[in-house]
Amino acid sequence: MNDHTILLDIHRGCHQVFARLLDHLESLSGVELHKELEGFGVPTIQLQVHHVIAAERYWFGVLQEKILVDEDQDRYPDVAALKSLREQVAGRSLEILAEASPGFLTTPVQRMTWGDKLKTLVPAHVVTRTQTHYFHHQGQILAMCRLLGKPGGGLDFPLE
C-alpha cells in the first residue's frame, strides 16, 4: 500500500463514519439541531456539521489554488441538506485525491490561503488535517447530542 492509497482509505473511512453520524442526527428535531449550547466554539450541531464539511471544501480548494470560502450555512438548515453537502464535498475530494499523483501529495507546494497568506503546504498533510478535523468535531457533536438527551456511539474509524 502506498501513501496515495492510504489517504484514499482514510478519506473513505472518515466519511463512512461521518455519514453514520448524520444518520444519528436525523433523530434530532429542528429545534435541537439549531439549539445553541454553551462550551462549544461552534454553538449548534447544524453549524458544527456545516463547519467541518466547509473546511474540507476550503482546504481541498487551496490545494487546487482556489479560495472556496462561503458563509452559506443557512443554505443547509436540516440534516438532509447537510447530507447532500457532505456527499458533494466528499465526492469532489475523492476525485481530487484519485487524480493526484503520489509525488504531488508528498511534495511541499506554495499555496495562497485565506487572508492572502502564502504558505508552504504538503498536500498529504492537508488531506490528513481535514480528516482529523472531522473526528474532532464529531466528538463535539456527540457531546452536544448527549446534552440534548440523544447520545450516539459506535463511530470510531473503521479498521476493516
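**Entry 1: contacts along the chain**

I began with how far apart in sequence the contacting residues lie. Of the contacts in the protein chain between residues at least 6 apart in sequence, 71% join residues at least 24 apart. I note here that the model is predicted.

**Entry 2: overall build**

I looked up the secondary structure next. The protein chain holds six helices and two strands, and I read their order along the sequence as α-α-α-α-α-β-β-α. The radius of gyration is 16 Å, close to the 15 Å that the globule rule gives for 160 residues, so I put the chain down as being as compact as a globular protein of that length. I also took the extent of the C-alpha trace, which spans about 45 × 40 × 25 Å along its principal axes.

**Entry 3: surface and charge**

Of the 160 residues in the protein chain, 47% are buried. The chain exposes about 8400 Å², and 54% of that comes from carbon and sulfur atoms. For charge, I found 15 positive and 20 negative side chains in the protein chain. The centres of these two sets lie 2 Å apart.

**Entry 4: glutamate 32**

Which residues does glutamate 32 touch, leaving aside its neighbours within four places in sequence? I listed Ser27, Ile45, Leu148 and Lys150. With lysine 150 there is also a polar contact, in which the two side chains are joined at 2.9 Å.

**Entry 5: glutamate 65**

I then checked backbone angles. Glutamate 65 has a phi near 65 degrees, which is a positive value in a residue other than glycine. I placed glutamate 65 in the loop between helix H3 (45-63) and helix H4 (79-99). Its relative accessibility is 62%, and exposed means over 50%, so I recorded glutamate 65 as exposed.

**Entry 6: aspartate 116**

Where is aspartate 116 found? I located it in the loop between strand E1 (109-113) and strand E2 (117-121). Aspartate 116 is not a glycine, yet its phi is positive, at about 55 degrees. I looked up the relative accessible area of aspartate 116 as well: the value is 68%, and the residue is exposed.

Notes: Residues numbered from 1 in each chain as written. Predicted model: local features only at pLDDT ≥ 70, side-chain atom pairs only at ≥ 80, totals over all residues. Heavy atoms only, no water. Polar contact = N/O pair within 3.5 Å; in protein donor to acceptor, adjacent residues only side chain to side chain. Contact = heavy atoms within 4.5 Å. Helix = DSSP H or I, 4+ residues; strand = E, 2+ residues; numbered from the N terminus. Rg over C-alpha atoms; globule rule 2.2 N^0.38 Å. Buried < 20%, exposed > 50% of the residue type's maximum accessible area, 1.4 Å probe, protein only. Areas by Shrake-Rupley, 256 points an atom, 1.4 Å probe, with all protein chains shown as cover. Lys, Arg positive; Asp, Glu negative; His and termini not counted. Charge placed at Lys NZ, Arg CZ, Asp CG, Glu CD.
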